[in-house]
Amino acid sequence: LADKMKVVPSAIIKKLFMQGKIVTVNQEIDYDTAEEIALEFEILCEKEEVVDVIEELLKEEEEDEKKMKKRPPVVCVMGHVDHGKTSLLDAIRHTNVTDREAGGITQHIGAYVVEVNGEKITFLDTPGHEAFTAMRMRGANSTDIAILVVAADDGVMPQTVEAINHAKAAGVEIIVAINKIDKPSANIDRVKQELAEHELIPEDWGGSTVFVPVSAKTGDGLSDLMEMIVLTAEMMELKANPNRRARGLVIEAQLDKGRGPVATVLVQKGTLRVGDPVAAGSSFGKVRAMMDDKGRRVKEAGPSMPVEILGLNDVPNAGEVLVGCKNEKEARSFADTFISQNKAKLLEETKSKLSLDDLFTQIKEGNLKELGIVVKADVQGSVEALKQSLLKLSNDEVVVKVIHGGVGAINESDVSLASASNAIIIGFNVRPDAVAKETADREGVDIRLYRVIYNAIEDVEAAMKGMLDPVF
Ligand code: GDP
């Protein structure tokens, strides 16, 4: 059968394995199975073309330095609930709406662009680290700089710490905005002190983190914040090649009654133009029209620009990668392959998630240099005790790193962080809540629960040495 279909036998064996059937190369399969397989591979035949495209895209990854041009930073806003993330995003957007822009008020497309002294900054309009890490969980990195909003009258709170650790795990630059400085109870120094405990040390204290006191209410400090973003972006030397096929990220998408599927795309590389054939996940089409964040029709969008596009045949998921294609046929086959590969890919990805059971194998194969752990416990003392003991388990082969520690039940944020960072979760005297449990099952995140600290340490140590007793 493999010969007839001109595919390697292992491809068929793998396919059957996915369906739960274990066969060997010289085993006969019945007609129905053969037909089913042949049908599946008919779709996959076009895959070769898609593989070409992917390879081409990968080749372009190592792009010629000369073709790279400066691009605006993409910024998101994180922090504890009620510390003013939404207010800050609104205030920034409004300072930038000039009289020239008829109507003044912009529409919400999931991102907007402001201009500061001729430099553009792109803001993602969905505040919070949840949205940020949900994208990362799908393998997409959307952000360059995270603005950590901390209310000056409230200080560092649990979600502040979550946000810090989510941003750190993603390796994005953090700028602290101390908000609500208009309030009489504001205490900027206290916020600095509390953040210093999380290794965010202000420059005037000899550290390297930028702190900007602001008020989203009065607008105080906003221009300083904008300037610091521009400066930080300059130091990061953010670049992309605008002269290539477009590649972007779907930030939002919905079905519009009059206009059909509408997707907001953040272009990351290349230039997206009206008329371009594109594919995003399982949807494809030709860009019929594009609008910028001010609702103006535009003909093209370069790196870091968010645009709303019309013309897809279906609504893609947020976090999906959009690619510009040679022609519509290529776009269609890209989408088809995505559909047919999706299940298999998901299965493989789920399997490749880290668990204590295969830790040793991963270390031995050299796949793992760093063991990321999220620690949750019932009291802060236990979080610290666990953290300290776990860190000490680091050896020459693998570094143990506690990417987040906190008090309380294991929540969805912990699971998404672990999933996006290929980490495991250790809970001490706490349990995952229902949503966290479901997400962990779906994403294949390993959660280990303990009632004795020593047992947790012992398990991780044993797993690192390949001596963990299997759990059935
Ligand atoms: P989010 O949950 O982080 O998005 O916070 P919001 O933007 O919804 O703000 C929470 C509350 O704080 C709202 O009642 C805002 O009006 C208020 N707020 C936000 N920024 C400021 C500020 O700079 N000063 C004062 N006094 N209140 C603020």
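Me: What covers the buried residues of α12?
Reply: The cover includes β18 (370-377), β19 (399-407), β20 (424-428) and α15 (453-464). Helices (H or I, at least four residues) and strands (E, at least two) are DSSP runs, numbered from the N terminus. Before going on: this is a predicted model, where local features need pLDDT of at least 70 and side-chain atom pairs count only at pLDDT 80 or more, while totals for chains, interfaces and linings use all residues. Residues are numbered from 1 along each chain as its sequence is written, and side-chain values use heavy atoms, with hydrogens and water left out.

Me: Which residues in α12 are buried?
Reply: S382, V383, L386 and L390. Buried means under 20% relative accessible area, exposed over 50%, and partly exposed in between (1.4 Å probe, protein chains only).

Me: Where do they sit around the axis of α12?
Reply: On the same side, because they cover an arc of only 105 degrees around the axis. The arc is that of the directions from the helix axis to the C-beta atoms. An α-helix has 3.6 residues a turn, so residues three or four places apart point the same way.

Me: And how many residues does α12 have?
Reply: Twelve, residues 380-391. Helix α12 reaches 17 Å from its first C-alpha to its last, close to the 16 Å expected at 1.5 Å a residue. The expected span is 1.5 Å times one less than the number of residues.

Me: Zooming out, how many helices and strands are there in the protein?
Reply: There are 15 helices and 21 strands. Of the 472 residues, 49% are buried. Among contacts (heavy atoms within 4.5 Å) between residues at least 6 apart in sequence, 72% join residues at least 24 apart.

Me: New topic. How many aromatic pairs does the structure hold?
Reply: One. The rings of Y112 and F123 have centres 5.6 Å apart and planes at 25 degrees, so the pair is stacked. Rings of Phe, Tyr and Trp (its six-membered ring) pair if their centres lie within 6.5 Å; planes under 30 degrees apart count as stacked, over 60 as edge-to-face and the rest as tilted.

Me: Where are Y112 and F123 in the chain?
Reply: Y112 is in strand β3 (residues 111-116) and F123 in strand β4 (residues 119-124), eleven residues apart.

Me: Are Y112 and F123 buried or exposed?
Reply: Y112 is buried at 1% relative accessibility, and F123 is buried at 0%.

Me: How many disulfides turn up?
Reply: Zero, in a search of the whole structure. A disulfide here is a pair of cysteine sulfur atoms within 2.5 Å. As for individual cysteines, C76 is buried at a relative accessible area of 3%, and C325 is buried at 7%.

Me: What about the strands: how do β9 and β10 pair?
Reply: In the antiparallel sense, over nine bridges. Two strands pair if DSSP finds at least two bridges between them. Strands β9 and β10 form a hairpin with three residues between them, and V250 has V265 in β10 as its bridge partner.

Me: Which strand do three bridges join to β9?
Reply: That is β17 (residues 321-324), running antiparallel to β9 (residues 247-256). G248 is partnered with L322, and R247 with V323. Strand β12 (residues 277-280) is also joined to β17 by three bridges, again antiparallel, and A280 stands opposite L322.
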